[in-house]
Amino acid sequence: MGMFSWTEKSSAVLQNGGVIGPDERLPWGQTSLMGIQHVIAMFGSTVLAPILMGFDPNVAVLMSGIGTLIFFLITGGKVPSYLGSSFAFIGVVIAATGFAGQGANGNIGVALGGIIMCGLVYTLIGVLVHIIGTGWIERFMPPVVTGAVVAVIGLNLAAIPVKNMAASNFDAWMQAVTFVSVALVAVFTKGMLQRLLILIGLIVASIIYAVLTNGMGLGKPIDVSGIANAAWVGLPTFHSPVFEANAMLLIVPVVIILVAENLGHIKAVTAMTGKDMDKYMGRAFIGDGVATMVSGSAGGTGVTTYAENIGVMAATRIYSTAVFMVAAMLAVLLGFSPKFGALIQAIPLPVMGGVSIVVFGLIAIAGAKIWVDNKVDFSDTKNLIVAAITLILGTGEFTLKFGDFALGGIGCATFGAIIMYALLSRAKTH
């Protein structure tokens, strides 16, 4: 079977509760519809991450498409995955650039240099995994460590929407309206609507916001002039990287999180499809690493395999890699539409804040889910201590300085978890 050849299956397979495997596909019309659904699934987070770092969302969407195509080619079209903006970079990018949380990031270059270096280290880890397997990673980063690190990414970001994205009491109430809207969509809808909880919640909250501000004059009105003036087709704003030691040392440790994420995602896809994806693990890391380097070199965020899209696969039971190829091409087209970028920029900040509260919370809970799924034993004092210290270091932004270099909350938590676990594992177990 070639990389671009899939066995076509009819949609009757799905009606009988069947599965479309990675090397199979539905007719192209239905495959394209599934591709659109995957673009919508990745969309909220892929656009939200760059906005929170002051990057251009159009570049991020464009690079997510290009990155997914790179991943597809490097894994030989065997691993169904979509690569979107990674949230793991937000905390360290804000720390490295001193970004205030609104508008464009004036110091984006140093962040891009760090993102490219992180991608390079990730690629090298992928080469190593391809040669000797993943055993060594799992030894350094057991579930208690990866769960704590993932949880910390969400918790560390908590202050951003709560402190920076609500300037007034009205804004704070609008954040509440937004996360309640998302919660109601998540629980009271079914099927496709439920899958699009972030997007639908965001639209509902934006409409309520428009009625209260533009209609009743309560807060800062939504300005749609930018959307009307933007061209349908045009180039996004590209940026070039600047390599600065401090920023690189701050951002490169994110590789630990990307490895843990990708490892977990590929194990999830293996469990869902019943096909052994572990043998492609090294290639998946290389694909993700190369995609991150390419994205960073143009002004995009670091990318990672997306849990949102794995969720869509779990719901639809369609694991065809053809769907991801279609989704990637659609994302590339969207990236070249300034009108689409202007539409994103028009979303009110408190609504973005409310959505961020949900997304960051879900990341934190994803960490806890790693503990639950892997049955981490917290009656074991070692696990308890490692998790406890890691969570507070990351949430409280514990910082260690080495001369001019400062290692912030997420970095301290990540290295702390790995080192503490290694240290405490030397104890004789009774």
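In helix H7, the buried residues (buried meaning under 20% relative accessible area, with exposed over 50% and partly exposed in between, for a 1.4 Å probe and protein chains only) are Val144, Val145, Thr146, Gly147, Ala148, Val149, Val150, Ala151, Val152, Ile153, Gly154 and Asn156. The model is predicted, so that local features need pLDDT of at least 70 and side-chain atom pairs count only at pLDDT 80 or more, whereas totals for chains, interfaces and linings use all residues. Residues are numbered from 1 along each chain as its sequence is written, and side-chain values use heavy atoms, with hydrogens and water left out.

H7 is mostly covered, with twelve of its 14 residues buried; helices here are DSSP runs (H or I, at least four residues), as are strands (E, at least two), and both are numbered from the N terminus. Its end C-alpha atoms are 19 Å apart, which agrees with the 20 Å that 14 residues should span at 1.5 Å a residue, the expected span being 1.5 Å times one less than the number of residues.

The axes of H7 (residues 143-156) and H19 (residues 349-373) come within 7 Å and cross at roughly 170°, where axes are lines fitted to C-alpha atoms, for helices over the stretch in contact, and angles run from 0 to 180 degrees between N-to-C directions. The two helices are therefore roughly antiparallel to each other, a term for angles over 145 degrees, as against under 35 for roughly parallel, 65 to 115 for roughly perpendicular and the rest for oblique. On the H19 side, the contact (heavy atoms within 4.5 Å) is made by Phe360, Ile363, Ala364, Ala366, Gly367, Ile370 and Trp371.

Apart from neighbours within four places in sequence, Ile251 is in contact with Phe89, Val92, Val93, Ala96, Val110, Ala111, Gly114, Ile115 and Cys118.

Helix H4 (residues 90-97) has six of its eight residues buried, so it is largely enclosed by the rest of the structure; the buried residues of H4 are Ile90, Gly91, Val92, Val93, Ala96 and Thr97. Following H4 is Gly98, with a positive phi near 65°.
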